[in-house]
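Good morning, everyone, and thank you for making time for this. Please bring up the sequence and the model so that we can walk through a few places together.

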Amino acid sequence: MNDLVNQLWLVPALPLLAAGVLALTPRHRRGLAAGLAIGTLALSLVLSVAAWVSTLGATGPDGFRAVRNFPWLTWGDHTLHLGWVLDPLSAVMLVMVSFVGLVIFVYSTGYMAGDENFTRFFGFLSLFAGAMLAVVMANSLVLLFAAWELVGLASYLLIGFWFQKPAAAAAARKAFLTTRVGDLGLFAAMLWLYDATGTLVFFDGGRGCLEAPAVAALAGQTVMGGLTLSAALSLLVLLGAAGKSGQVPLHVWLPDAMEGPTPVSALIHAATMVAAGVFLVARLFPLFAAQPEGASGVPPALQAVAWLGAVTAVFAALIAVAQTDLKRILAYSTVSQLGYMFLGLGVGGVAVGMFHLLTHAFFKALLFLGAGAVIHGCHGEQDIRRLGGLGRLMPVTFATYAVGMMALAGVPLLFSGFWSKEAILHAAHTWPASPGPFYLGLFGALLTAFYMTRQVVFVFFGPYRGEKGAPTQPGKVPHESPPLLTVPLILLAAGAILLGFFGTPAWPGLQAYLEPARVGLTGPDLARLVSAEALKLMALSTAVVLAGLALGWWCYGRRPLTDPTAPDALELAQPGLFRLLRERLRVDELYEATVVRWHTGWAALGDRLDRWVWGGLVLLIQGLTVGLAWLGRALDEFGVNDGFDTACERLRRGGTRLAATATGRLPGYLRGAMAGAAALGLLLLWGGCR
Amino acid sequence: MLPWTLYLSLLGALAVLAWPRRWAGEARWVALAFALAGGVCGVAGGQAYRPGAELLTLVRVPWIPALGVEYFLAVDGLNLPLVWLTGLAAVAGILFSWNVTEHPRAFFALYLALIGGVYGVFLSFDLFLLFFFYEVAIIPKYFLIARWGSTRREYGAMKLALYSFAGSALVFLGLLALYVNAAADPGAAPLDLAALARQPRDPTFQRWVFPLFFVGFGVLAGLWPLHTWAPTGHVAAPTAASMLLAGVVMKLGAYGALRAGVALFPAGVTAWQDVFLGLAVAGILLGGLVALVQKDFKFVIGYSSVSHMGFVLLGLVTLNPLGLGGAVLQMVSHGLIAGLLFAVVGRMVYDRAHTRELDELAGLRLARRLPFAAGTFVLAGMASMGLPGFSGFVAELSVLVGAWEARPAAAVITGAGIVVGAAYIGRALQKAFATEPPAETTATEEPEKLEPITLPERLGALLLLAATVGLGLFPGVVMDYILPGARSVLAPLRAGGI
């Protein structure tokens, strides 16, 4: 079995290798591209399943755990290690990511068949899947961070895949930047953790930073305001997780990311990217749950996780109510469901949060691929007001979409979403810190049922509103998708139903697998299912969900919409509130007015500083130097030079005068000689007389 | 063998000058041969040095005996990686100058002379010799920009030359002070850097002289706020010259600040640490922010160089091995990445589109017409913003871990600079490559054919990319050399002596 762990690196390496090969593959080798991407991911899936099977039935406080670490960089007195880990958490994520990814890959061969950059698309998809698989199995925060950034890069490339659309290019940039703001937290946490513990390896036979001795040491230190070091680190990590998983207030990128091709949206929203944030918290859960010795109550970091999740769940669900874009509604529902996952992690621990992550991966991938089939069948139309009546025209899509919708809404008993949401609400109900998250969770469930009903009614019921009048033109009629698109839908729908049975209160197999220390599994026991407390809570949430469905039907289903421009039923009742929700609570505008403007202001300040202050200083120095030069020149010219010139001039003039006497005529000279002789004679005479 | 890097470059300069005029167009092959030979000498000669070993003396003969100046070349763990970087950058620069047709012989002769000066600075272990080569490197730089440059080239060249000479004046002052100070101690070699680093010096003296060296050399490393020569100089320079300018010449300044500043005056660094930490962080943040609002593509990259060199200066003053080692690694890493970015902007884009205005480039659909350039820029941009897997990540991570140890606040503020880095690269990428003009204009005019990316450009880009990815995945290849070097530089400080 150890041998399998040693070969586990192949799981992410194979898709990454495919990405590398596809980067160099000529554009027209489409068959090769799809084959390579799907083949390598299928191999990864096989390996992942084998790894998962090997972790089953292990005993111990944490279940099965095998690690493989190796030195990467010798740093001062420490050596930085990288490595990977196989434990229940990574195993179950590996299987989920590779399976859902594979289904989406297959679907993409049909969906992207007409795109000229088919080859490039599969290269990016492989990169995305490989990076996510690396995140999942990383046993070192450095490796996790590296893969995490690679996920960000791949999402940037894929969201901006149709970069010729300005909205797509802008959305790609926004996604990258917003998640990078969050990454800053993770990065700081990484530096701090390294400084505090001297290692970034998670599990290392007792020396890892997530193992009891290190965690106890971190929980024992207080940094500021009574916050323990472990809590401070957790909050920084949470910032990173919130950025990647689109939690309020860093959720703004996720709905815009819809500009990418639909399979990309499915991949981002289900298997990769957003799941990474939730997974990160689950992976670092020991840090979040750490308490100083003797302390009781809920650790502050977990409280933050729970509240963040609960608020996001309701916040995004509210916005989803008023959206009209098919994919945007799903995007806000993702934000909302991610909130539930955080809530689950905060109130119930790893197993509860991860259960919802897994079920959500299936039904959200299903919903997105279904939405893709709708868009594909309706020639690119995404506005739910211009769709309608598709239940008759696209029966397979309708049936599978309905399964996904009911799973998301949490329709009782049959659908996985019900059980996972139930587990979260159950944990929230018994949470000692505050009842608030429980009520927020219930309210969110009501909203979820409501907006999903609204969407399904708009898309699949009533008359088709795409074209003026009857759809007469052949080829313009919405059509059912080919099997390449519908078979993945059916597979995912099966998963969306069956997965729930691994986590019912009667047989909490998943919980026991993920957290054997907390949940002792004894075998299926119906008594737990029908215990009074569980039943009461199930009845309550069932009532809430049914109320949401009924409300949705009452608002939109009674009188089917016929005119796409007619105002929304809610708009008639509450115009102001509805507009605010449709404008997404103006979070983007708020950022535009604050962060973006400050940023631009600082940049302009820097630019002016360079241009005028430092440039001005240089100009001033230049001016002074030139002035000094002029002064020197003036001194030279008028002082030194002039003196010299004057002296020369005088000399010259004296010479000229003297030269005037030298006329060359003999009489003149004789006259001079005579005069001289006379003068000499006179002088001698005068001297002789003396 | 290592001194031959220097001799081959200078010989190459002469050989190119002596090359017959009739085959002037083929002078580039001669230059490439000499640059390659120099690079190979660097790598092969470096094998003689084991990581962590003592200083390896290459040549040591008296030069001006009356003053005690020696011709003293040596390597240790800190300058060897920089020698390798110079070899790589030199070869890549020639590949990206393959299309120089205007006086090619003079161009390549000056180019090789510059490379020779750079090798000289990195290998010198006599402070006067280092200073001499430092000046030698600036002169060809001036002519390359003034003669073969573009936008405001005379201005840019003059600004660069004046700034560097102003810095040199400070350095010279420091050099004199050090000389006089050392001469007071009989028996000591006055300007032997290795010996100087081991001597104790009066802390007050250190406090006064350290800033002379650090600021004087720092000018050429883009020390904020004395950085304004850098963007203008980069923009004015021809592609190969801007690659070298950002890639290796700025490193001369940083290297000088390390060798003659940090290594000789540990007490001076301690005294000035907060000031220079602040300036380095200001450079990182403001350089990045200014890059965010530039209209000229090359100015974006020029300011990004200021921002990234801030990491080098930050690492230099952290006074711990990790920060110092990270600074040297960042020198190498930025040399590769900046070279690549300038190659894309100057050679691949500007030589074809004849504009660098981002707003004009936005209408040219370059991602479709020059997919190789776009792909290279995406990768180089990712490397520049410090994405893991590229050399920049390891380097900036090391610097920040070091900075965290010294002053956590500096590391936190710098973190914001990383987001800014993502922002300006993303903006430039979107504007220059990923924007489509409005539909009506594309319908009416079919854009003229752009010359496809040539083989030398592809080779040059792949060379630099391979190096930055290789360093990103296996940083130990050079970090094993750098860290022992950094530790020995800091040894006197650690030992408690000053």
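This is a predicted model: local features need pLDDT of at least 70, side-chain atom pairs count only at pLDDT 80 or more; totals for chains, interfaces and linings use all residues.

**A walk through the two chains**

Let me start at A365(A), which, leaving out residues up to four places away in sequence, touches V100(A), V103(A), I104(A), A266(A), A270(A), A271(A) and L492(A).

Now let us turn to the place where the chains meet, where 35 residues of chain A are in contact with 35 residues of chain B. On the chain A side, the elements that give two or more residues are β1 (66-75), α6 (141-159), α7 (166-197) and α27 (587-661). Which of these gives the largest share? That is α7(A), with 13 residues. Sorted by class, this side of chain A has 23 nonpolar, 6 polar and 6 charged residues.

Moving over to chain B, please look at helix α2 (residues 27-46) and helix α4 (residues 104-123), whose axes come within 9 Å and cross at roughly 10°. Because angles under 35 degrees count as roughly parallel, α2(B) and α4(B) are therefore described as roughly parallel to each other. Where they meet, α2(B) brings residues including A31(B), F34(B) and G38(B), while α4(B) brings, among others, F108(B), Y111(B) and I115(B). By class, this contact has 9 nonpolar, 1 polar and 2 charged residues.

My last stop is G261(B), which lies in helix α10 (residues 239-262) of chain B. Is G261(B) buried or exposed? It has 29 other C-beta atoms within 10 Å, and because 20 or more is what counts as buried, G261(B) is buried. Apart from its neighbours within four places in sequence, G261(B) is in contact with F210(B), F213(B), F214(B) and F217(B). By comparison, A246(B) is 15 residues away from G261(B) along the chain, and the C-alpha atoms of the two are separated by 21 Å.

Terms used: Residues are numbered from 1 along each chain as its sequence is written. Chains are lettered from A and ligands numbered from 1 in the order in which they are written. Two residues are in contact if their C-beta atoms, placed from the backbone, lie within 7 Å. Helices (H or I, at least four residues) and strands (E, at least two) are DSSP runs, numbered from the N terminus. Ala, Val, Leu, Ile, Met, Phe, Trp, Tyr, Cys and Pro count as nonpolar, Asp, Glu, Lys and Arg as charged, and the others, Gly among them, as polar. Axes are lines fitted to C-alpha atoms, for helices over the stretch in contact, and angles run from 0 to 180 degrees between N-to-C directions. Angles under 35 degrees count as roughly parallel, over 145 as roughly antiparallel, 65 to 115 as roughly perpendicular and the rest as oblique. A residue is buried if 20 or more other C-beta atoms lie within 10 Å of its own, exposed if 12 or fewer, and partly exposed in between; C-beta atoms are placed from the backbone.
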